[in-house]
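Hi,

Here is the model I promised to send over. Have a look at it first, and then read on for what turned up.

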There are 2 protein chains.
Amino acid sequence: MSTRLAILAGSGQLPREIAKAVEGALYVTFEGAGGDAPDGVEHLGARFEKLGALFAALRAGGVGQVVFAGAMTRPALDPSAFDETTLRVMPAIMQAMRKGDDALLRAVAAVFEAEGFAVLGAHELVPGLTLEHGTLVGKSPSAAEELDAAKAYAILAALGGQDVGQSCVVEGGLCLGIETLQGTDAMLGFVAATPAHLRAATGGVFVKLPKPGQDLRFDMPAVGPETLSAVAAAGLSGLVIGAGGVIVLEREEVFRLAESLGLFLTAR
Amino acid sequence: MSTRLAILAGSGQLPREIAKAVEGALYVTFEGAGGDAPDGVEHLGARFEKLGALFAALRAGGVGQVVFAGAMTRPALDPSAFDETTLRVMPAIMQAMRKGDDALLRAVAAVFEAEGFAVLGAHELVPGLTLEHGTLVGKSPSAAEELDAAKAYAILAALGGQDVGQSCVVEGGLCLGIETLQGTDAMLGFVAATPAHLRAATGGVFVKLPKPGQDLRFDMPAVGPETLSAVAAAGLSGLVIGAGGVIVLEREEVFRLAESLGLFLTAR
């Protein structure tokens, strides 16, 4: 049985970290989806219109396992270019697309599984990608910040069934932002632009968690150095992330930034 | 028994519409909270620091009923200026403040009720302030837009217990914005700034509802001409509001704008 790994890569740091951790992996990017391959890895350019060609190329390359990693934008598709495989799976994909990112990724993963590929999660391939329960970097959260974190948890839990909201910000008991399709950075930018008279004296808390029941094999939530900079720029006090369920990209730099920006970073 | 009405006014159009509808009402604004009185009404300037003085002035003016209307910003308070009444009620107010706007307003209303004033809702004073179930202005929503509206309803219902989110935007099945402390206009501005590649081909739907269990006597959700302009500027197709539960400010202008901007406006 083939066990070579293909990294189905979008943009960002995560697919590159997997490529570093898993020797001999095949790096696959999709036209119009935003990823580009780093130097020194075997690269395959694919098109969503030609999934049959992709599956044939993966098999020819000895690939038996795939991992989805990085952010993919949804490219405009050219239906006249669909091969037979794409034509066959597209109705289920289109239907899932209407139900949100999770549903879409589950549907795409199901297509790969039906073709005989095992779908793995990034955290199963790269050791130390998430934080253990109780990890604390930087200062300790205050009692008020603990209350804000608890409120943020409650909001994210309430939204869990709706396939929206992996992160939110609560400050002084009031919610300043809930992540939607535009992503974490856009939400933190929105919080940063909040008029000063609506801000509490104490800085608030950013919380990021997997959605309840989220399949961590793909679209696992992540934070990285940019997240910490954005949290600080939004005037917040710290970050709480789900233990074992949120990827920390460039871990050493993230820890260093938490200290130097005066933030706390903790995993629950 | 005194039945004269005092309008406890913040900024915006609503307190002015009440002043027009209820002859002889006393128009009360609070220092630093953002309201200003229109011409031709009796005006009383008050301070949150001097609630005892306010209650005495209301009684002296023959006031027996109050209505909260318009948006009040939370002013910085000067504790050294607190009179005995403010000192007595402040602990309960401070505690409620941490729980969000609804809790704060409920606590403030309870203070007025304990002083013997009846607290009314704007919709009880001004006829035609909300829309009846089934009202439709402008074009009819498409089947896809009905699906988007249903998803927005589900998101708002899920959030109902959290005192956040009176409105949200769903487009092509995906959530583009959830209202937080910054309010509806800020949320629609955020949606308008969404990168084009994340937008669906069809315009999405803006939904605004009272929170489940919300006391409609104060902080009733509202839409007005600016809301319709912001919905159009955000590239959306229309608005769905809660029947009988959302105030429509400047109703004729709102209806005219729905038609001229090519939006639908419907109440459920």
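A salt bridge here is a side-chain nitrogen of Lys or Arg within 4 Å of a carboxyl oxygen of Asp or Glu. By that rule, the whole structure holds 22 salt bridges over all chains. One of them joins the side chains of A:Asp36 and A:Arg16, at 3.1 Å from N to O. A:Asp36 sits in the loop between β2 (26–30) and β3 (42–46) of chain A and A:Arg16 in helix α1 (residues 14–21) of chain A, so the pair ties together parts that are 20 residues apart in sequence. Helices (H or I, at least four residues) and strands (E, at least two) are DSSP runs, numbered from the N terminus.

Before the rest, a word on conventions. This is a predicted model, with local features needing pLDDT of at least 70 and side-chain atom pairs counting only at pLDDT 80 or more, while totals for chains, interfaces and linings use all residues. Residues are numbered from 1 along each chain as its sequence is written, chains are lettered from A and ligands numbered from 1 in the order in which they are written, and side-chain values use heavy atoms, with hydrogens and water left out.

Even so, 34 residues of chain A are in contact (heavy atoms within 4.5 Å) with 34 residues of chain B. About 2800 Å² is buried between the two chains, 65% of it from carbon and sulfur atoms; this is the accessible area (1.4 Å probe) lost on putting the two parts together, summed over both.

In chain A, the axes of α3 (residues 84–97) and α4 (residues 101–114) come within 7 Å and cross at roughly 160 degrees. Axes are lines fitted to C-alpha atoms, for helices over the stretch in contact, with angles from 0 to 180 degrees between N-to-C directions. The two are therefore roughly antiparallel (over 145 degrees). Where they meet, α3(A) brings A:Val89, A:Ala92, A:Ile93, A:Ala96 and A:Met97, and α4(A) brings A:Ala103, A:Leu104, A:Ala107, A:Val108 and A:Val111.

In chain B, the axes of α8 (residues 225–233) and α9 (residues 251–260) come within 8 Å and cross at roughly 15 degrees. That makes them roughly parallel (under 35 degrees). Here B:Pro225, B:Leu228 and B:Ser229 of α8(B) meet B:Glu253, B:Val254, B:Leu257 and B:Ala258 of α9(B).

Best wishes

Terms used. Angles under 35 degrees count as roughly parallel, over 145 as roughly antiparallel, 65 to 115 as roughly perpendicular and the rest as oblique.
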